[in-house]
Amino acid sequence: MPIKKYKKYNTATLIVAAGSGVRFGSSMPKQFFQINGMSLLEMTLVSFSRFCLKGPLVVTFGTGMEEKITSIISKIPWHGIKKVIQGGKTRQESVFNGLKYLESQKPDYVLIHDSVRPFVTREMISDVMEGAFSCKAAIPAVPVSDTLKKTTGDNIITETVARKDLWQAQTPQAFLFEHILDAHKHCMKNGFKATDDASVIEYIGSPVKIVPGSSNNFKITTPGDIKLAKAILTMEG
Ligand code: C5P
């Protein structure tokens with residue numbers, strides 16, 4: 001059953017899975033990479049299905065992926081409708097396509113998540129939703145712990161950037177639906193490029209709340225990350 005508190009809201013879940021995974025260096029997009037017989041996309045969707053939000057599930061797909069993604073989502077138990085939507089050339093465009101579809105479903109809130117962050121937890125979804133209830137926009141993030149260097153093109157350090165107040169943004173990012181849709185429309189109109197959805201809210205000058213993220217909630221980007229993911233699964237038993 002959905003968590004009682006969230007039952008009164010229609011909260012859409014938008015998973016962006018249209019990337020081709022160039023940095024992963026494989027012919028197969030990373031969201032289809034399997035660990036213990038389950039693709040990263042399926043692992044991610046299972047994590048969300050356990051939270052049992054009341055609202056639609058939308059997954060974006062890239063060229064040639066529709067059939068595969070449709071088959072993966074058909075296995076996921078979900079309380080609302082499930083829909084696959086063609087993504088765009090960039091993550092930002094994929095999110096925008098998903099949001100435009102969701103307009104017809106009139107959700108109150110939307111959670112937007114990368115398909116390749118399978119270790120999202122119940123607590124994180126709950127925290128980020130609470131953040132969105134209070135601030136209209138919230139994201140999980142972890143404080144930067146390494147010393148940060150800025151370089152010139154030839155890798156010579158020009159500056160050490162103070163890490164105080166610096167955070168690494170993660171997903172799921174949660175928003176009041178109309179707020180994020182309006183912000184995305186505004187950014188598209190003005191040609192503002194964003195690599196996450198909090199940035200589009202920042203662009204329109206509205207606040208975004210940070211809630212605790214987790215180092216396990218990393219974005220699987222390289223083959224080395226797969227080894228780490230396997231180690232986490234082994235530790236979780
Ligand atoms: O490429 P990156 O690692 O930033 O992708 C983050 C997420 O955005 C992935 O889940 C990827 O599938 C998705 N994405 C997308 N459409 C794109 C590019 C990325 O849905 N055009």
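**Close-up views of the predicted model**

**Figure 1. K136 lies in the loop that runs between α4 (122–135) and β7 (137–143).** The model shown here and in the views below is predicted. Phi of K136 is near 75°. Most residues other than glycine have a negative phi. K136 is a residue other than glycine, and its phi is positive.

**Figure 2. A cis peptide bond between T171 and P172.** Omega for the bond that joins T171 and P172 is about 15°. Most peptide bonds are trans. P172 belongs to the loop between β10 (167–169) and β11 (173–176).

**Figure 3. The ligand in the largest pocket.** The shell around the ligand is made up of 17 residues. The closest of these are V16, A18, G88, S94 and S115. Two elements, β1 (11–17) and α3 (91–102), each contribute at least two residues to this shell. By residue type, the shell divides into 4 nonpolar, 7 polar and 6 charged residues.

**Figure 4. A salt bridge between K75 and E42.** The side chains of K75 and E42 meet with an N to O distance of 3.3 Å. Because a side-chain nitrogen of Lys within 4 Å of a carboxyl oxygen of Glu is counted as a salt bridge, the pair of K75 and E42 at 3.3 Å qualifies. The two residues are 33 apart and link distant parts of the chain. K75 is in the loop between α2 (66–74) and β5 (82–86), whereas E42 is in helix α1 (residues 40–51). Side chains of opposite charge can pair when their charged atoms come close. By the 4 Å rule, the count for the model comes to 6 salt bridges.

Notes:
Residues numbered from 1 in each chain as written. Predicted model: local features only at pLDDT ≥ 70, side-chain atom pairs only at ≥ 80, totals over all residues. Heavy atoms only, no water. Near = heavy atom within 4 Å. 1 Å grid on protein atoms, 1.4 Å probe; cavity = no way out; pocket = protein on both sides within 12 Å on 5 of 7 lines; lining within 4 Å. Sits in = over half its atoms within 2 Å of the grid points. Helix = DSSP H or I, 4+ residues; strand = E, 2+ residues; numbered from the N terminus. Nonpolar A, V, L, I, M, F, W, Y, C, P; charged D, E, K, R; others polar.
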